[in-house]
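Hi,

Here is the structure I said I would pass along.

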Amino acid sequence: MLGNGRCEALCIDGTKRLCHIRGKMHKKVWIAAGDIILVGLRDYQDDKADVILKYQPDEARLLKAYGELPDNLRLNEGIAGGMDEEEEGGGDDYIEFEDEDIDKI
């Protein structure tokens, strides 16, 4: 975010573009670093674009599953990092206690 309704976006083609957030989205839809957005390119300015839509995380995952986004793109999965129980290391965040006899304590 650059302020004044503008942001800098790295497009899939590898070009950094200065984007203008349109009035309908301004102060209603908050865009953060790592969000997937849809930009409209300008015919007369290649280095500038307009932000049309911000994809929600579930919509971005569907776009990646349909092959619309490149495979090397990391999606913003939130604080937890999108770890599922099936993934390696996903279940290592708990502590096991041994059962002890109450008489020993």
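Let me start with the lining of the largest pocket: its residues split into 19 nonpolar, seven charged and three polar. Please keep in mind that this is a predicted model.

The pocket itself has a volume of about 820 Å³. It is lined by 29 residues, and those closest to its centre are L10, C11, D35, I36 and I37. As for the strands, β1, β2 and β3 each contribute at least two residues to the lining.

On the outside, there is a nonpolar surface patch made of L38, I52 and L53, which together have about 220 Å² of accessible area. If you want to find L53, look in strand β4, which covers residues 48-54. L53 has a relative accessible area of 37%, so it counts as partly exposed. That value also clears the patch cut-off, because patches take residues with over 30% relative accessible area.

N4 sits in the segment before β1 (6-10), and its phi is near 60°, a positive value in a residue that is not glycine. With a relative accessible area of 70%, N4 is exposed, because the cut-off for that is over 50%.

The other one is K27, in the loop between β2 (16-21) and β3 (37-41). K27 is not a glycine either, yet it has a positive phi of about 65°. Its relative accessible area is 66%, so K27 is exposed too.

Cheers

How values were computed: Residues are numbered from 1 along each chain as its sequence is written. This is a predicted model: local features need pLDDT of at least 70, side-chain atom pairs count only at pLDDT 80 or more; totals for chains, interfaces and linings use all residues. Side-chain values use heavy atoms; hydrogens and water are left out. Patches are made of residues with over 30% relative accessible area and no salt bridge: like charges are joined within 9 Å, nonpolar side chains (Val, Leu, Ile, Met, Phe, Trp, Tyr) within 5 Å. Accessible areas come from the Shrake-Rupley method with a 1.4 Å probe; for residues, only the protein chains shown count as cover. A salt bridge is a side-chain nitrogen of Lys or Arg within 4 Å of a carboxyl oxygen of Asp or Glu. Helices (H or I, at least four residues) and strands (E, at least two) are DSSP runs, numbered from the N terminus. Buried means under 20% relative accessible area, exposed over 50%, partly exposed in between (1.4 Å probe, protein chains only). On a 1 Å grid over the protein atoms alone, a cavity is a set of points where a 1.4 Å probe fits but cannot get out, and a pocket is an open set with protein on both sides within 12 Å along at least five of seven lines; lining residues have an atom within 4 Å of a point. Grid points are joined across faces, edges and corners, and a volume is the space filled by probe spheres set on the points. Ala, Val, Leu, Ile, Met, Phe, Trp, Tyr, Cys and Pro count as nonpolar, Asp, Glu, Lys and Arg as charged, and the others, Gly among them, as polar.
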